[in-house]
Amino acid sequence: MDVILEIKNLNKHFDGIYVSKNINLKIFRGSLTAVIGPNGAGKTSLFNLISGYIEKDSGEIYFQGMDITGKKPETIASMGIVRAFQVANIFPDETVYDNVLVASISLFKKSVNFLADKYSFKNIREHTDMILKNLSLFEKKDLKASELSHGDQKILDIAMALTLSPKILLLDEPTAGMSPDERKSMVKVIKELHKKFNLTTLFIEHDMDIVFGIAEIIRVMVRGEIIAEGTAEEIRNNPMVIESYLGKEV
Amino acid sequence: MKRLKEYSPWFAIVIAFLLILLLPVSEHKIHLATRILIFGLYAVAFNILFGMTGLLSLGSALFYGFGAYVTGMMTKSLGGDHFVYLLLFGALCSFVIAMPLGLLCLRLTDVYFTMLTFAFGQLAWGVCIKLYNFTGGDDGIQGIPRMALLESTKSYYVFVFLVVFLSLIILWKISKSPFGLVLNGIRQNRSRITFLGLNVYKHQLFAFLISSFFTGLSGGLYSGLDGSIHPNMFFWTQSGSIILMVILGGINNFFGPLIGTIIFILLEDYIGKTTEYWPFFLGTIMLIMVILFPKGILGTISTFIKGFSSKREIGNGCHS
Amino acid sequence: MDISFLLSQLIGGLSTAMLLFLVSSGLSLIFGVGKVFNFAHGSFYLLGSYLAYQFINMFTNFWVGVVCATIGAGIFGMVMEFLFLRRIYGRQDEGGFQILLTYSFILIIDDMVKFIWGSEYKTIEKPEILIDQVQIGSIFIPKYSLFILIVGLLIAISFWFILNKTETGKIVKATAIDRDMLGLLGINVPLVMTTVFGVATAMGGLSGALAAPLRTVTPGAGIEVIIDSLIVIVLGGLGNFWGALLGSIIIGEVLAFGILWVPQWASLLNFLVMVLVLIFKPEGLFPQKKGGRV
């Protein structure tokens, strides 16, 4: 098993408050990892750092052996680290189809093509169709994205991320704000994608049932630091984790 | 059926063009139609930047004036026979200066971008006036000749129509292209475009270049209209008028700016004849538009229609 | 060039700066509190000039005329804010609308002025007491320039006092930071906005009224002033009150000395400054820490 992402001594603070303190971790290719912790623990900031959205103060991030610290977010995304968002980050005025199409266009490097019709590329169309079908959005492809239900918008958000054929998928609270049924189908989707494509997935979650249900490895963050990492069993019984986050009810 | 719906605006344009050409219409009206075509192109080109990409430039007149002056001054010195390719040359020059300007202005966002484009536009205006010996300064330049073939008002009208029609087709294709979709994406959600692996700055720059090319082209066409140009073509109020034309018609539709231009120029012509207080009326109309019809004429109509029909619109408009 | 000449130029520049400050600070205030860029602000300067002309002639008294002009401009501003500006406060993301709305006011006001008063130049006499020059050492300063300087400084100080030492000032600053929260706390936010707008436009009008005896009163003055004010605001930073003062001084001096050194291109110097600032320091020359706007 090779290490696809390695973070060494990552630190980041805003005005003296550390959102990432001495972060060291290794992510193995094909793993399904959960990052949990109380609000403000720095989970999203970690994603921001990995995806290049914010600059670190110190430390290194290695992707497939290459140092990606300081690279621009669009470069990191096209290298294969793709994220989906806590609040659905989509193009509201465009159709569902076109939302995914933009991602396909990026994948096939056709974004500067200004004279061909956007639907005229067979490979781009087929790829878009496939993603939509896989995520059960194909029937809704002509709806305007803003007209989708909240849950569907989150699925669209993830669909767009998947369209880039990522090597690592960063999911930020994929089930936030969803109904129980939507949650179930989202979890199914994540599990299937992970299995089918051996997709290295990192996800932030607050729903412990989901976390303990599917995560192979769990990392717990509190106040910018990783205080524990391990399997569901190990984390469930880790006294530090129980004290700082889980409480006794688990 | 869908095909027909999509092509109908083009048919309408061609039919309108033919009607004006073939019916016994006064020279003044043909001249007016030519003006509409020229500013229509300027407005649609502007909307590539504004309605599609979300960049509000208050300095578009810089490229308009530049195209006009390059084409106009060179035609005056080289002779009317060269007008056609000098027209392209003027547009190309606008394209070339758009590169450093775009690189500088696009580093800024929102209000700051608008202000820097404003500043550059005014700088251009000031320079044009100051270089009296070269540009004739505040006197402007008159007597720009056209080629013999295009001497008459009618023939120039046909020529302008052909150039504008062709340009509109190119701009239309751009709006429907992958690039066009990315631009719309940038307008709606810059950061997501970045996270999808695309460089926003680069794409905005291309949009800026394309828009400036066609803006310069419209300026060049204008120089041949009355054969006279003036530094005021660079002034920010010219950029402002275009913004109005675009919003009047609706920024979310490819043809919106064209409709807005038609209304604006017809109003200007009509009201200008009856009173010298055209700015007052223009201001009042703008006020009403902004308060009551923020989506512009076309936008308001389309929302109205959507409210009626139960079918969903399938991929219509310039940005779907 | 001797020192006394340079010094008198400097003071002249300061006096221009004060006039500019009165206009720009209002502009900055409106942007800081309402997040609206009032393009039409120059037109209130214009209105101030013409109202001053009107009232001075009506009351044959300079001082009454100026005060009436200032109040008139303020009232006009409040009406404009109340009837129109309110409706677009929430629509900042649709960027074009602010520009269009305020631009339409330029068109309406500037033409209205032409309609009511005609487009020929108008002139106003300085009041008896302020004609001639004052001599300080070997420097001669026009009394009127000194007067403007003093008025400007008084207003700047009053503003500082009101904004930082009074309850009202705190409310205004808070409105700049979080309008909605303030509304929830029971403060009549719309009233605050209208008042701020009125004060800002009144100052613009005051500037126009004071400037009237120095420059002839013409319909084009509005557009000229807004351009200069825009440059000042960029220099000082949008929404930065003190930045507006410093920026005005810089621009005032650039104008005063520019004419001496490069008379041909003096008027373009301002745009060049603006371009350079926007390229290298878009936040302005005097950036503020987060959390402190007006």
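Across the interface of chain A and chain B, the count is two. This is a predicted model.

**Chain B with chain C**

- The contact involves 41 residues of chain B and 36 residues of chain C.
- About 3,600 Å² is buried between chain B and chain C, and carbon and sulfur atoms give 83% of that area.
- On the chain B side, B:K130, B:W236 and B:L287 lose the most area to chain C. Together they make up 17% of what that side buries.
- Three residue pairs are in polar contact between chain B and chain C, with both residues at pLDDT 80 or more.
- Three helices of chain B each give two or more residues to the side that touches chain C: α5 (110–130), α11 and α13 (278–292).
- Of the elements on that side, α5(B) gives the most, with 13 residues.

**Chain A with chain B**

- Here 39 residues of chain A are in contact with 29 residues of chain B.
- Chain A and chain B bury about 3,000 Å² between them, with 62% of it on carbon and sulfur atoms.
- The rule finds 14 residue pairs in polar contact across this interface, both residues being at pLDDT 80 or more.
- A salt bridge joins the side chains of B:R192 and A:D157, at 3.0 Å from N to O.
- On the chain A side, the elements that give two or more residues are α2 (73–79), β6 (81–84), α3 (96–107) and α5 (150–163).
- The largest share of that side comes from α3(A), which supplies six residues.

**Nonpolar cores**

- The largest nonpolar core has 261 residues. Its members that touch the most others are A:I218, B:L171, B:L221 and B:W236.
- Helix α2 (residues 27–52) of chain B gives this core its largest share, 17 residues.
- A second core of 25 residues is separate. Its members include A:V35, A:I54, A:I68 and A:I168.

**Helix α11 of chain B and B:W236**

- Helix α11 of chain B runs over residues 236–249. At 1.5 Å a residue, its 14 residues should span 20 Å, and the end C-alpha atoms are 20 Å apart, so the two agree.
- Because 13 of its 14 residues are buried, α11(B) is largely enclosed by the rest of the structure.
- B:G250 follows α11(B) and has a positive phi, near 120 degrees.
- Leaving out residues up to four places away in sequence, B:W236 touches B:L58, B:F118 and B:Q122 in chain B, and C:F39, C:Y103, C:I106, C:I223 and C:I227 in chain C.

- B:Q188 sits in helix α8 (residues 178–188) of chain B.
- Its relative accessibility is 17%, so B:Q188 counts as buried, the cut-off being under 20%.
- Leaving out residues up to four places away in sequence, B:Q188 touches A:F91, A:P92, A:D93 and A:E94.
- A polar atom of the B:Q188 side chain lies 2.8 Å from the backbone nitrogen of A:D93.

How values were computed:
Residues are numbered from 1 along each chain as its sequence is written. Chains are lettered from A and ligands numbered from 1 in the order in which they are written. This is a predicted model: local features need pLDDT of at least 70, side-chain atom pairs count only at pLDDT 80 or more; totals for chains, interfaces and linings use all residues. Side-chain values use heavy atoms; hydrogens and water are left out. Helices (H or I, at least four residues) and strands (E, at least two) are DSSP runs, numbered from the N terminus. The expected span of a helix is 1.5 Å times one less than its number of residues. Buried means under 20% relative accessible area, exposed over 50%, partly exposed in between (1.4 Å probe, protein chains only). A nonpolar core is a set of buried Ala, Val, Leu, Ile, Met, Phe, Trp, Tyr and Cys residues joined through side-chain atoms within 4.5 Å. Contact means heavy atoms within 4.5 Å. Buried area is the accessible area (1.4 Å probe) that two parts lose on being put together, summed over both. A salt bridge is a side-chain nitrogen of Lys or Arg within 4 Å of a carboxyl oxygen of Asp or Glu. A polar contact is a pair of N or O atoms within 3.5 Å; within protein, one must be able to donate a hydrogen and the other to accept it, and residues adjacent in sequence count only if both atoms are side-chain atoms.
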